[in-house]
Structure formats: C-alpha cells, structure tokens
Amino acid sequence: MTITEKPVTEGPLELESGREAIAERPLGVLTRPQGGRGWRDWLSTVDHKKIGIMYGVSAMVFFVVGGVEALLIRLQLAVPNGGVLSADVYNQVFTMHGVTMVFLFIMPLAAAFANYLIPLQIGARDVAFPRLNALSYWIWLSGAIFLNSSWIVGGGGADCGWFCYSPNSGLTFSPSHGVDFYAIGLLIAGIASLVSAINLIVTCLNMRAPGMDLFRMPVLTWMLLITQFLLLFALPVITVALFLLMFDRLFDASFFNPDMGGDPLLWQHLFWIFGHPEVYIIILPAFGVVSEVIPTFSRKPIFGYTFMVFSGIAIGFMGWGVWAHHMFVSGIGPISVAAFSLSTMFIAVPTGVKVLNWMATMWGGQIRFTTAMLFAVGTVAMFTIGGLSGVTHAIAPADTQQTDTYYIVAHFHYVIFGGGVLGLIGGLYFWWPKIFGYMLNERRGKINFWLMLIGFNLTFGPMHILGLQGMSRRIDTYSAGFGFEFWNLVATVGSFIIALSVAALFHNVWKSKREAADLPPPGPDPWDARSIEWMIPSPVPEHNFDEVPTVDGLDEWWHRKYGFDDDGKVVQIATAEEAAQDGSAEGVHLPAPSFWPLVLAVGLPLIGYGLIFNLWLCVPGGLLVGMGIFAWALEPVDDPDAPHDHHDDDDHDDDGDGTHDSDDSVGDGPDELALAAAAPATPGDKQGGARS
Amino acid sequence: MSDPVRSLISRAARAAVFSRSGSLRSRAARAAVFSRSGSLRSRAARAAGFSRRPLGLVLGLVLVLAGCAQDAELDTFQDRSETARQINDLMYPVLIVAGVVLALVCGAILWLAVKNRVPADKDYEGEFPTQVSHNNRLEIGWTIGPAVIMTVIAVATLITHVAVNSTEANAIEVQVDGQTETWEPRVVVVGQQWWWEYRYYLTRDITTEDLGKLGEDADWELPRADIVTAGQMVIPTGQEVELIITSRDVIHSHWIPALNGKKDAVPGLYTPWKLEADEPGVYFGQCTEFCGLSHSRMRMQAVAVTPGDFQDWIDAQMDEATMPTDEDTAEYRGMEVFTNYCASCHLVTGLNDGDYNGAETYSGSAPDLTHFAGRTTFAGGLFNLYNPDGSLNDDDLAAWIRNPNDVKENYADDLPEGSLPRGMPDMGLSERQISDVIALLATLGPRPTEAQILATEVE
Amino acid sequence: MTAATAAPATPGESTAHDDHGPSTGISNTKLAMWLFLGSECLLFGGLISTYLLYKTRRGPDNRAIPTDVFDIPFTSISSFVLLMSSLTMVLALSALTRGDNHGARVWLLATSMLGGVFIGGQVYEFTSFLREGVGFTNNPASSAFYALTGFHGVHVSLGIVMLMSLFVASWQGKLRPEHSETVEIVGLYWHFVDVVWIFIFTVIYLVPA
C-alpha cells in the first residue's frame, strides 16, 4: 500500500518542475482532456460530483453481484441437503458475498455520499485534492474488478470467509488463487479508501465556507468525517494483515502457519482491530443520512445536535476498544473476554442516544412520510433490533452460545442492511433530485420501501430463531430434523422479496427518468430542507455554488428561508426560489480533468496479477504506475487551454503573500483549493457583495 | 433481578420452549433408556415439569422463539447442564429487557407516525411545530439511563462469566485394567478436517502445559492416551468434565449447545473449557468455526452415561480388538483388506498397533477404529452406523468406503504432488472388498444397546 | 464582514481576491501529510507488534533468528547516519527559507546520500544475514524481522526519491524560497521515517530477546 501510495501523495511535489514547461501532452501519450461530454469526460473527470455518481453507480452494480450471490446462498439453504451449489462453490459464494457487500457495495455507496455531499454541505467547490479523488475512485474500481476477476482467472473466488481466518486461508487449505485475489484486491481497494479518507478529512477541515465552523457542519458531514478518521486508522492495520497473508501465500513466509510457530490469533486480532471500526465505517454514514432526513420531514431541527455529534465521536473512539468481542470463544482468556464484554456493552450507550434523539426530533413534529422518511424511520427501527441483539452478544457467556450461529448473521444484517443499506437508500431518494434533477416517483418508492422492509424482516428475522436453535454459520447445507427447515424456507422467500424491491428501485429510477420530461423540474429545494446543498440548483451546476455562502449557523439554508417573529413563531422570510442561487455564474475556474489517475489505477491490478501469476507482469504494471505518477507530476493542475475563461494561475502570485503563495506552490491540492475557492465565484460585483 | 425471579422466568421460558417441542418426548425417552435405574423417575420428573408450563405463555418474546423450536437437537434453550442454564438465566432477562426496549422504540415510532403524520404528497403548509433544538437535561438523562441499564447487565454478566469459567476439582475413581485410578474428569478434544477426536488420559494427569511438549511418548504431537475415540465423547453424568480443546490443522469450534457454549479449537493453543450433563442422554453438536470444505458435515455428540455405565465403557475401550482367525470368513478377508488399504491411516489396537505410526494425512491422524462398532455414528458424526431396527447401516457405510468424497466433500483424491490428503481418499476397493471390510468393522464392538442406537439417530 | 473574519482560522493577511484559505490555517498538503503519517503510525504499529510477538519463535526446526546474527555496532552506525540525515534535512529547509538555494541543494543532496548510506547498510545487513542462514522464510521471527525492516527500508527509499526530485528541481533552478513548504512536507515525512527507525532500532536491536 505504502509503496505505491506514497508517491501519489507526494507526486504533486514535483509539479513545480513541470509548471513552467507546461506539458500539454505529458509523455506525448494522452492529450490533456478538455472536459465536455461523453465517456471521455467521465474517464478524466476530477469533479467530486461525477466521481460521487460513479462511486454510486459502481456500488449498485456490485450490489447486484453480491445480491445474486446472496440469492444463491438462500437457494442452497432453502431446503435441507440443498443441491444448488457444491460445498466448494458455496464457500466461495458466501465469501465473495460478504466481501462484495462490505467492500464493494456499502463502503463505495457511502463514499458516493461523502464525495458528492461533503463539499456541498460545507460550501466548497470541490474536495481538497480533486485529482487524488479521481485516483481513489479508479483505484477502488480496479481493485474491485481485480477481486472479482478471480472468478474467471483465479480458479474461483476466495473460499475463506470474508474474515479469512488463518490457517484456513493458508496455501495448504486454500490452494486456489482465490485468497490471493482477496488479499491483493483488498490491498488495492484499501489504497483507494486511505487516499480518499485523507482527502475528505482535509476537505472537511480546510475547505469550509466562511462561517462554517466545525459545529455548524451538518450531522451527515460530521458522521462522514468520523468515518474517514476511522478509515484512516483502521486501514493500515488490515493492510499489515493482508501483506502478511500475501507473504505467507506467495513468498512462503510463516506468519500465520502454526506448524512453523505462527500464531493464528494474530490474524484475528489484526483483522478485527480493523474489522470492528469497519462496522462503524459502514453504519455512521447511514446515521448521518437519517439525521438529515428526519429533521427535514419532521419540520424541526435535529434534536440535540451536539449530542448527536459527540455520540458519533464517542462511537468512533469506543469502536477501537471492542474488537475482541469477535473473539470471545477463540481462547483469548477469561480476563480479556470480561474486559471486552464490558467495553462492548457501553458502546450501546452513545448508539442509544442517537436513536432517542431521532425520536425526539420526530416528537411534536409534522411528519411527512415520504419514501426517504420511510427509509430513515425504517433504519431507526431495524437498527434498534440489530443494536439490541448486539447487546445480547456483548454478554460474553451468552455469546458462547450465539457466536458463529445464524443469530450473528441476523444481528449484523440488521445492523448493516437494516441500519446501513436502508439508510443509504433513503439517502438516494432524498438527494436524487439534487443529484439528477428529477424526483423519484413516491408511489413506486413506497412500494420499494415496503417490499424491502418486509423482505428484509422475512429474510433476517427468522435467522435469530435459527441461530438460537443451533444453526451454525457458513454451513453449506444442513440435515433435516434439527428444526431448521421452516425458517430457512421463509428466509429464502424473504430474500427474493428483497431482490424484487431492488428491482423496484431500479425500475423507479428508469421510469421516473422517463416521466420527468413531463413533470416540472424539482427546483433547488423540493423537500424544504435545511442544509446549504439545497440552496443551489438541481442538478448541481459544475461549479457548485455561484458564490460561496457565508454561514451564520447550523441549518444555514433553513434560516435563509425562515425566521422567527417576536412571539418566537416561525415565519417565512423568503421562498426557496428567492433565496436560492440560480447557477448562472460563468467563468468559474475549475480544476482541469486528467487521465493520469486512471492510468495509475490500471497499473495496480497488473502488479497484482504479476504477483500471483508471473512476476514479469509487474513490469508493465509498475511502468504504468510510474508513468502515471510522473505524468501527473508534470501535468499542471491548471489547463491553460481550458475552454472557459479561466483565472490565470499567476494571479495567485501577485498577492505577494507568503502564506498563500506557499499554498499555491505546493502543488495539486492547494492549487485546486485556491482555484476552487478563490476563483472569482461570480461576476465581480456580486462577489464583492457577498464577501464584505 | 433476584434469583427466584430469574429462575422462575427461565423455567417458564424453557417450559414454553418445550411445550411446542416434539422432541421432548423422545428426549425424555433417550434419557430414560440411558439410565438403567431411573427411567421412570426421569419421565415422571419431566411430566411434573409440564404442569408449570402455563407461566411461560406470558412471555411473548420467548413464545415467538418457542414456536419455532420443534425437535431442535441443537437448540440453545434446551439446556441440560448447570452451565447452559446459567447462560440462559442470563440470556432470558436480557432478552426481555431488549424486547421491552424494542417494543418501546417501535411503539413510540408508530405512535409518532400516527399522531404527527401530515400528508406526504403535499408541501408543508400552515404553522410550524415548535422548533425544539435540544434539551440537555433530557439528553443527559437518556445517556445515563441506558448506561445504568448496561451497568446492571454488566454486573450480571460478570457474575455469570466467572461462574461459567470456573472449574472445580472433582476427581473420581475409575478402574483401568484392574487398577483403581483417581481421575480428574478431563478430555482432550482435538479437531481436524472434518471430525473430532476425544482423548482420555486416565492413568496420568494431563495439563495444558504437557500437551504442548513433543516427546517420545507421543502420537501425532499429543501424548499417548489411554482411550482415543472419534465423533462421540462419552462422559459420566453429574460430573464436571474439563475439556482441553485444540486442533491439528485449521480452527474449528466445539459446541454442544445443550451442555455449554462453544470454544474454538485453535492449532497450537490448548484451550480449557468444560461440559457437564445432568442426565444420561445424547447431546448433539456441530463444528461452528468455518473450517473448509466439509465444515457443515463436521458433527459430534456428547454421550452422557451414568457413572456405572461409564466404567463399563472404559472397560470395553481398554480391551484390544479381537481378530478373526478363520480364513474362510468375510471378517478374515476384511482384515486383509484393512491391512492392505486402511492400516496406513487407521489404527485398530490388536491388529496394526505394532507398526502404526500415525496417519498419512495432513493432520497425521485418522479415527481410531479399535471400537468402531461401539459407536453409533461415523464419518464425523454424519451418518448413523446402525439402522433404527438395530442392523448395521451397510448402505451408508459402503457408500462412504466406496467413495468418501461422494458423501462428504474432502481434499483427498487427485492431490498435487507432495500434498497429503485431508479426509479419506477413495481407495478403489471392489464391492467384495467393501463388504468384507464392513464385516470386519462390524466386529469391532462392543455393540451399543438398542436404546443407544435409537437415541443417537441422526436424521 | 471580510473573509478573514468570517473564517476565524484564516491567516490574518487577507488577499486581493476572495481566497479565504484553509479553515485550519494549515495548508491542505501539509495537513494531508500529517494525516498520512498518523495512518502510517498504525501501519508500523502493526508490524512492530507482529515482530514483538514473534521475535523468539524459531519454528519447529529450531532455525536461526535475526537476534542470533545481529551486528549491533554496525547497525548503530547506520542508525546514526539516518539520524544525521534528519539534521541535514533541517539545514536544507532553513537554507531554502533563507534564500540560499545553493545551500539548500547541497543539504538536500547530503540528506538523500545519508539516506542512501542507510539503505546500503540495510542491503549489506540483509545479505550478510542471508549468508549466515537467516532467510525470510526461516521462521516467524525472521519473517517478521524482514517484513518490518523491509517496510521501513521502502519508506526510506521513497523518501530518497522525493529528496532527489527536490534536488533536481533545485538544480534546474525551480526550487525557490517560496517553495519551502514543499521541502518542509518532504521533511516531515523524512523525520517521521527517522523517528520510526528509532523505535524499530530500540525494539529489535536494543531490547534483549
């Protein structure tokens, strides 16, 4: 990870050498993309919104892949002694289902929200490092494709479970290449998440609009920020684990081989030190979405903003002290078990605070059950079930009965699907008009929601019972006579209802798009929402804000629409249309697109294939990566031939002010920061008015 | 929660579970046939238990669970030991608390949804609700409230945690080869792909430290044991039996839900655990840590017998197998087949113990077959060795010997150069050879009682 | 209201245009580097923990572990060389801020050469260990040793690449005093790598097994 990622972070340093001799065609290979329309634009874009959309679309593709795997699992388990899949294939399918859903669906879907919404919610023109942002996406995608390519070229998927416990993941017990693809694929995807985490943290900390104090940031941005910190510190741990696993498998080391004196529990510790924060990485973005949706449709501010933020921070911190609750029966000793049991129980407290605060937000509100609101409320209820069953696992003695049974499967699906996925799909319904400029049909959305809620509970509710009745996890079949038959069949039926609901979602997207032509456009603020992304047109113009708003408080946008009269009653001071920006700014200078992130990202899987099959393949892979970095460094951030009337770079120098100048000169990020935030947001007079 | 209340709740809950459970009768029957003395008493005791059952109907949450517990051999709520009861006595109240919290949250959401609902398809109009942004006192309250609830649960958890992790010294006297030995009931449990081995050290005290040491007096990296069996662990009732759990390849997990929670078998670690059964019976288990191809087909039973029966079992296990001498019999031919094809992996004391040096498998082990026919399951607890009518289940046994991979997936055939089988290979025996070797195996008794056969019936 | 007052953390001097600068007052790149180094702490933390767990595990064949063949005086010297490179890094930065381009160039070159000496020492150490029978695959102890020191070596090497890039830029006259933050950020990375080595050296070489 570090090997390749280091120069990426540092690459821009060499920009200086390139700036004066502007290379329009670095290395003479790819013409500097000019932006515009069509696929080229998507391949070279550095626009956080387009990148967010690409994350979202790719995530949904992998949702379908993981979903098909889930359906195969459920078909296999529908009846005793199921014969749909062989044991070998079943093990690959459930492993890849877990890996796909966690790393290739929920995380990128959350990344889609983070990319799209963080800059909008804090009033920025883009993220801190737009090209690195593009790099993150392409690297993630190349890792995801690499991981799944093992079905075709690796002799099947990984067959060690998503947790990949050693020594079962060793070469002896898993001789196919599946686990190699798992290790290297996740390493590649990890680079993407790390780069993206750094990028988004810097964005949150440094790119806020004037007046946007940390404690005026919307809860969603806060939760996403905490998520990025968790990623920042959790990823290196799994990186170490994956490297060691790779060394074991490819270079004959013996980190996890007990026959050679390796310790299988080391893997478990490393994996879960990453793996437990990962749970919060998955769930916190959904918490953030819920915290935006519920106030909007309750017509009230979020109840206890400060508690919401600090409980999120508390979860982020406590999430580091509970990892061994995944290991209560692994033989870590009763004292450790007791300690981790207690720490796990108390992480329920900040989570409980969130649930109660959401309900208090609804309390006394005027609740409109739009589809987004239904999903948000469904998230609260389903997550509560998952949280409560989590408490029963925290009780270590009871966990010895529950762990590695379907009770656990039920629990984490209630948390990850019921909490995470429902919340994020609610977010899709909520921000869809903002992103795509048309509304998703509410009636079909409600069908989507109820199908999903019913299917979800039919699938995973019975798993509580199955687990307590003693059905082990990860079994490819079960015998009749243990009482597993009925509820497994119910779960299988439920899983197909979920599949139907996902189809309903896609249908809604497609049909609503077709109908949108005959409907009035949604306008900037179709939900009467609260945060500043709703003050700009839908879909969001490329430059985001005509002028970067100055923020006076929490729920800035709401306060631009409403005030209080002397009696403390809410009065409208402006309609959304009046208060919103019209997106008419022209000549806003934006960071130029680049092909190099894509080139660099293509090199990484080549290195991966090389490590697995033939080291010679690493050569072109390494060359591509090296060329990407080199050309990246030579490519000026700013394209002098950009079609719009641009704001010349040199303008930055004429302030003669060391502080800013150093910013400018450092390279990629600050330049783009300067360009994004500093470029004349609007025609001069307007800008002056906004600023002073 | 006071003890009487807790036991009341748990008893009620268990009763509720049983009330729907078709297995109760058969379970009682199983228990009965195993205790030579008190079958009627135990049946009567069960019957008495039924009369208290109405209490259970109160507990809706548990009823939901109970409604599903039909004939579930692995049901965690059908506890049959002190430890399993302690766990459930902790679990029930927490489940009830969780149920109440869930009902409150969902109830409140529904109530709010009904009470505060405004049309969703129209924009907001009219006056705003009061814009309450926070209430610190309230919020501190519902930070402390859950913390208090969790503290109570934490204390209860710690108490139970200490209880289920404590062990007691309870040495019993057993006769081994005519000698009286003082034996601290302890079984070394060894997982390997995809079966369990149970090792009994009756004539020496064995500790976790001893197990890690390799030495001359060792087979397959563990000290030589007095009794080695596979798939079925026989334990005396009413005694706390310590387990020392380990593995020879990947991580497995040993779980007999009726008697205690599970514990992982980790290669290189010797993890202490314990089991105890109140009454004679057969208690089912399943490997619960994903261990590869046949994870789902790695099963086992704990067979609890009265102390008297346990002594009989020891006596039988200490005997060597008797080999056929009449050359015209199928058994004799089977012995030759065994020597040619099976003896490189399987040990039959009395036949190949002279030159046996571990199995040619990855784990170095294969089930000890000396008393094969004395057990009631084979192939990792997957198949019945006997039909319900008491005859040998030759169909499954022949299928297993014919091609093990067909009936239980493994990695034993067509291996790449230099790797050892994990599981039983296809030995390419003819049908004649198969029936001969089955004839031999059938002699490796002593044959279990009819009752035992009925009680262990899997599927 | 000016941009500067609206965003309290903005550096005091307001600019001609509406650039309100980074909200924290730390430039994006520097902040990113700090975050990256924070992440790196966990990476080395994981590797150091692995080594500590395994440092005496010789495996079933009782093969040699790195502690058997340590040449502490040699490694101490190369550690000292690496430490000195931190000093030259500081000198390079201070020369550049002073406007002493020539000095900056010299000190940058010195820093990367000291780093190179350290890497050379590591290569020598690895080869002599291999000759003495401590291979990567010997046992968990040696695997963990090579993984930890190897990862560190890769970090130092990447640092040298960055330093050399700066040197080349300076040589071409493109590294001017206003670019001192670039040098400062590379310096951050370089100092981090040094500090990590102090930990590794203590944990591996100095604390007795």
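This is a predicted model: local features need pLDDT of at least 70, side-chain atom pairs count only at pLDDT 80 or more; totals for chains, interfaces and linings use all residues.
Figure 1. The residues of H10(A) that are buried are A:Tyr305, A:Phe307, A:Met308, A:Val309, A:Ser311, A:Gly312, A:Ile315 and A:Gly316. An α-helix has 3.6 residues a turn, so residues three or four places apart point the same way. H10(A) itself covers residues 305-318, 14 residues in total. From first C-alpha to last, H10(A) reaches 20 Å, close to the 20 Å expected at 1.5 Å a residue.

**Figure 2. The contact between chain A and chain B****.** Chain A contributes 83 residues to this contact and chain B contributes 81 residues. On the side of chain B, the elements that give two or more residues are helix H5 (82-115), strand E1 (117-118), helix H6 and strand E12 (263-265). Sorted by class, this side of chain B has 45 nonpolar, 22 polar and 14 charged residues.

**Figure 3. Strand pairing between chain A and chain B****.** Strand E1 of chain A, residues 367-368, pairs with E1(B) in the parallel sense. The pairing is made over 2 bridges. A:Ile367 has B:Arg117, in E1(B), as its bridge partner. E1(B) is also among the elements that give two or more residues to the side of chain B that touches chain A.

**Figure 4. An open sheet of 3 strands in chain B****.** The strands follow the order E9-E15-E14, and their pairing is mixed. Strand E9 (232-236) and strand E14 (281-286) are the edge strands, each pairing on one side only. On average, neighbouring strands of the sheet are turned by 20 degrees against each other, direction ignored. E9(B) runs parallel to strand E15 (residues 299-305) of chain B, and 5 bridges join the two. Within this pair, B:Val234 stands opposite B:Val303 in E15(B). Helix H8 of chain B (residues 307-318) packs on the sheet and touches both E9 and E15 of chain B. The direction of this helix makes about 130 degrees with that of E9(B).

**Figure 5. Domains 1 and 2 of chain B****.** Chain B is divided into domain 1 (1-118), domain 2 (172-318) and domain 3 (330-455). In the contact shown, 19 residues of domain 1 meet 18 residues of domain 2. Helix H2 (23-34) and helix H5 of chain B are the elements that give two or more residues to the domain 1 side. That side divides into 5 nonpolar, 6 polar and 8 charged residues. Helix H5 of chain B also gives two or more residues to the side of chain B that touches chain A.

**Figure 6. Two cis peptide bonds, one in chain A** **and one in chain B****.** In chain A, the peptide bond from A:Ser538 to A:Pro539 is cis, with omega near -10 degrees. A:Pro539 belongs to the loop between helix H17 (485-516) and helix H18 (556-561) of chain A. In chain B, a cis peptide bond joins B:Gln193 and B:Trp194, and its omega is about -10 degrees. B:Trp194 is placed in the loop between strand E4 (186-192) and strand E5 (195-200) of chain B.

**Figure 7. Positive phi at A:Cys164** **and at B:Asp177****.** A:Cys164 has phi near 50 degrees, a positive value in a residue other than glycine. This cysteine lies in the loop between helix H6 (130-153) and helix H7 (178-206) of chain A. A:Cys164 is classed as buried because 25 other C-beta atoms lie within 10 Å, the cut-off being 20 or more. Phi of B:Asp177 is likewise positive, near 50 degrees, in a residue other than glycine. This aspartate lies in the loop between strand E2 (172-176) and strand E3 (179-183) of chain B. B:Asp177 is classed as exposed because 12 other C-beta atoms lie within 10 Å, the cut-off being 12 or fewer.

**Figure 8. Chain C, with 7 helices and 0 strands****.** Along the sequence, chain C follows the pattern α-α-α-α-α-α-α. Of the 209 residues in chain C, 49% are buried. Among contacts in chain C with a separation of 6 or more, 76% are between residues 24 or more positions apart.

Technical notes. Residues are numbered from 1 along each chain as its sequence is written. Chains are lettered from A and ligands numbered from 1 in the order in which they are written. Helices (H or I, at least four residues) and strands (E, at least two) are DSSP runs, numbered from the N terminus. The expected span of a helix is 1.5 Å times one less than its number of residues. Two strands pair if DSSP finds at least two bridges between them. Axes are lines fitted to C-alpha atoms, for helices over the stretch in contact, and angles run from 0 to 180 degrees between N-to-C directions. Two residues are in contact if their C-beta atoms, placed from the backbone, lie within 7 Å. Ala, Val, Leu, Ile, Met, Phe, Trp, Tyr, Cys and Pro count as nonpolar, Asp, Glu, Lys and Arg as charged, and the others, Gly among them, as polar. Domain bounds come from an automatic or database domain assignment.
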